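Have the sequence and the 3D view open side by side. This report walks through one model, part by part.

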Amino acid sequence: MNSSLNWKAVWLPLLGLVGAFLVALAIAIYIMEAPASDLKDLIQFLLTSSLPSLLIGYLVFTLGRRWLRSIRYKTLLAYSLGVIIAIINIYVTSQLMFVSEHDFLLLGLLLIFAGILSASFGYLLAASMAQSLSLLRLGARRIAGGDFSAQVHLTEVDELSEVAEAFNFMGDELQRSFARQRELEQARRDLIAAVSHDLRTPLTSIRAMIEALADGVVADPPTVQRYYTVMRSQIENLSGLINDLFELSQLETGQVQLALEAVNLNDLLSDVLESMQAQAGAKGVSLKGIFYEDLPIIKGEMNKLQRVITNLVQNAIRHTPTGGSISLETQVAPDGVQVEVVDTGEGIASEDLPHIFEQFFRGEKSRSRETGGAGLGLAIAKRIVEAHHGRIWVESQVGQGTRFSFILPASTS
């Protein structure tokens, strides 16, 4: 790789030499209208003086570039070498062409004057570049120290300003990544606390009942049977919680391989509607379906989509008071098939809406432990919908009900 860079460094001066050579010939031919004999001498003079001086200048610049530690001094070295090489070429050419010493000294003086002016402008340019690099260095140190809000703003519009823009973009991404990391860490702590609570509560209850049975504190058959029933219910709840955690973990890590098949969502919602009627009736809530005819077929895994709809309907039943209603609706959307679960329940507070699909989230009213649920149903529903390349959202107003909606892409085959 280093050899490639060296060859590039060699070819650039060579290209410059060829360009200067061609320009000199063009001026001699088309402007000065030099005869062929003079053109031959010119070519000989240029080749005699330029190639050796270019080689020496390149070697000096290579060594000086490694030794000098400042862009300013490197720029001065480059300009100085250009002037020196030009003077050498003029001297050699003047000797071959028998130009008078007075003319050579005058020409050299003018060339040195022009070279000093050129080097001054080069130094100003290098100073501007060095200042921009200094700002970038200070910004990098601030970011290395943990200040991800550090920004570098350059007044110049060049490659360094593009580097500054990329630097600022990197800082913004690091800041967002760091904020996301803190959120994930807090979510991990909340998850551990929630799982600990949801596991500890039923386990404590089961342990107390087992100890009561083992110690003979409870001996009458009706109470013993009631204890067994409660323990079985608690164990089923624990088993469901563990299964939900395992499924959620698989969905989040992308380990779930969907068994895709053609699915008619109207038929799927009809099955869920029929299976949930008893639960809704026991709560005194009406459950109905409003289906769009000729609904497009989608590709999905039947069981997981049924899990999504069941979770949404169970959530609606849980939070809809007696006398309320729940409707399951389908319609065609521009980007697929849309399903909605609409209830006339208590609604969700506006401050809870952004967190409603987070695992173990329970709002004070909409998702409290007293109303049941571990706070995983909606999180699982969201992951399943996203695994099907769909999206899910919620709209709600306190006291007026809630509308859960999700869209799945229609099948193209």
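In which loop is Asp294 found? Asp294 sits in the loop between E2 and strand E3 (298–300). Helices (H or I, at least four residues) and strands (E, at least two) are DSSP runs, numbered from the N terminus. Residues are numbered from 1 along each chain as its sequence is written. This is a predicted model, in which local features need pLDDT of at least 70 and side-chain atom pairs count only at pLDDT 80 or more, while totals for chains, interfaces and linings use all residues.

**Two loop residues**

Asp294 is not a glycine, yet its phi is positive. His389 is not a glycine either, and its phi is positive too. His389 lies in the loop between H9 and E6. Both rows below use one scale: buried means under 20% relative accessible area, exposed over 50%, partly exposed in between (1.4 Å probe, protein chains only).

| Residue | Phi | Relative accessible area |
|---|---|---|
| Asp294 | about 55 degrees | 72%, exposed |
| His389 | about 65 degrees | 69%, exposed |

**The sheet**

Five strands form an open sheet with mixed pairing, in the order E2-E4-E5-E7-E6. Two strands pair if DSSP finds at least two bridges between them. Strand E2 (286–290) and strand E6 (391–397) are at the edges; each has a single partner strand, so one side of each lacks a neighbour in the sheet. Strand E5 (residues 336–343) and strand E7 (residues 401–408) pair in the antiparallel sense, over seven bridges. In this sheet, Val342 stands opposite Arg403 in E7.

Helix H7 (residues 265–283) packs on the sheet. H7 touches E2, strand E4 (325–333), E5 and E7. Contact means heavy atoms within 4.5 Å. The direction of H7 makes about 170 degrees with that of E2. Axes are lines fitted to C-alpha atoms, for helices over the stretch in contact, and angles run from 0 to 180 degrees between N-to-C directions.

**Confidence**

pLDDT is the predictor's confidence in each residue, from 0 to 100. The protein chain has a mean pLDDT of 79, and 82% of its residues reach 70 or more. Among its elements, E7 has the highest mean pLDDT (94) and helix H1 (residues 2–31) the lowest (65). Over residues 1–5, pLDDT stays under 50, and the model has zero contacts there beyond four places in sequence. Residues 364–372 are also below 50, but this stretch has 26 contacts beyond near neighbours in sequence. Where pLDDT is low, the predicted coordinates should not be read in detail.

Conventions
Side-chain values use heavy atoms; hydrogens and water are left out.
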